[in-house]
Amino acid sequence: MIKLPQRVEEVFYQADRKRKHDESMIKYIARRKERFQKLEGEGWPVPDPIKAYMLYRDADLNEKCRELIHMWTQGEFDFAQMQKSLKQLEMQPPGVYGDGSNGKSRLIGFLEEEEARSTCLLYTSPSPRDS
């Protein structure tokens, strides 16, 4: 029973629940999932929409990344979909190389907020003019 207050603190209140500046999205998601599972192991399951919202809220995203997540999830807070969408922020589309040379898609921007806390990679398909 002594672990329950500790698990509640870890999931809802501890400052380190938030994504660290140098932490990949995959590591952040794995860390949060582990904490949710430990709390559930104490008999306190967290509802799926709340887990999804907390994962989103504490991912430390800039405005453009939040807009992409909202578009990809259609404003729904489903835990599995939120994990997938957050991971997409760090993934390159298939076939894209560091220099974007294959012509299928290219990196068009890398957004970084002033405090260098949150980043977002943006890709686009080439326009007809690129052919």
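## Surroundings of Asp-58

Beyond its neighbours within four places in sequence, Asp-58 is in contact (heavy atoms within 4.5 Å) with Arg-17, Lys-18, Arg-19, Tyr-28 and Arg-32. The model is a predicted one, in which local features need pLDDT of at least 70 and side-chain atom pairs count only at pLDDT 80 or more, while totals for chains, interfaces and linings use all residues. Residues are numbered from 1 along each chain as its sequence is written, and side-chain values use heavy atoms, with hydrogens and water left out.

Asp-58 lies in the loop between α3 and α4. Its relative accessibility is 2%, so Asp-58 counts as buried; buried means under 20% relative accessible area, exposed over 50% and partly exposed in between, with a 1.4 Å probe and protein chains only. The side chains of Asp-58 and Arg-17 are joined by a polar contact of 3.1 Å. Such a contact is a pair of N or O atoms within 3.5 Å; within protein, one must be able to donate a hydrogen and the other to accept it, and residues adjacent in sequence count only if both atoms are side-chain atoms.

## Overall arrangement

The protein has 5 helices and 2 strands, and the pattern along the sequence is α-α-α-α-α-β-β. Helices (H or I, at least four residues) and strands (E, at least two) are DSSP runs, numbered from the N terminus.

Of the 131 residues of the protein, 34% count as buried. Among contacts between residues at least 6 apart in sequence, 55% join residues at least 24 apart.

## The nonpolar core

The largest nonpolar core contains 22 residues, and Met-25, Leu-55, Leu-61, Ile-69, Met-82, Leu-86 and Leu-89 have the most contacts inside it. A core of this kind is a set of buried Ala, Val, Leu, Ile, Met, Phe, Trp, Tyr and Cys residues joined through side-chain atoms within 4.5 Å. At least two residues of this core come from each of α1 (3-13), α2 (25-41), α3 (48-57), α4 (63-73) and α5 (79-88), and α2 gives the most, with 5 residues.

Not counting residues up to four places away in sequence, Leu-86 touches Met-25, Ile-29, Leu-55, Tyr-56, Ala-59, Leu-61 and Ile-69.

## Packing of α4 and α5

The axes of α4 and α5 come within 10 Å and cross at roughly 135°. Axes are lines fitted to C-alpha atoms, for helices over the stretch in contact, and angles run from 0 to 180 degrees between N-to-C directions. The contact is made by Ile-69, Trp-72 and Thr-73 of α4 and by Gln-81, Met-82, Ser-85, Leu-86 and Gln-88 of α5.
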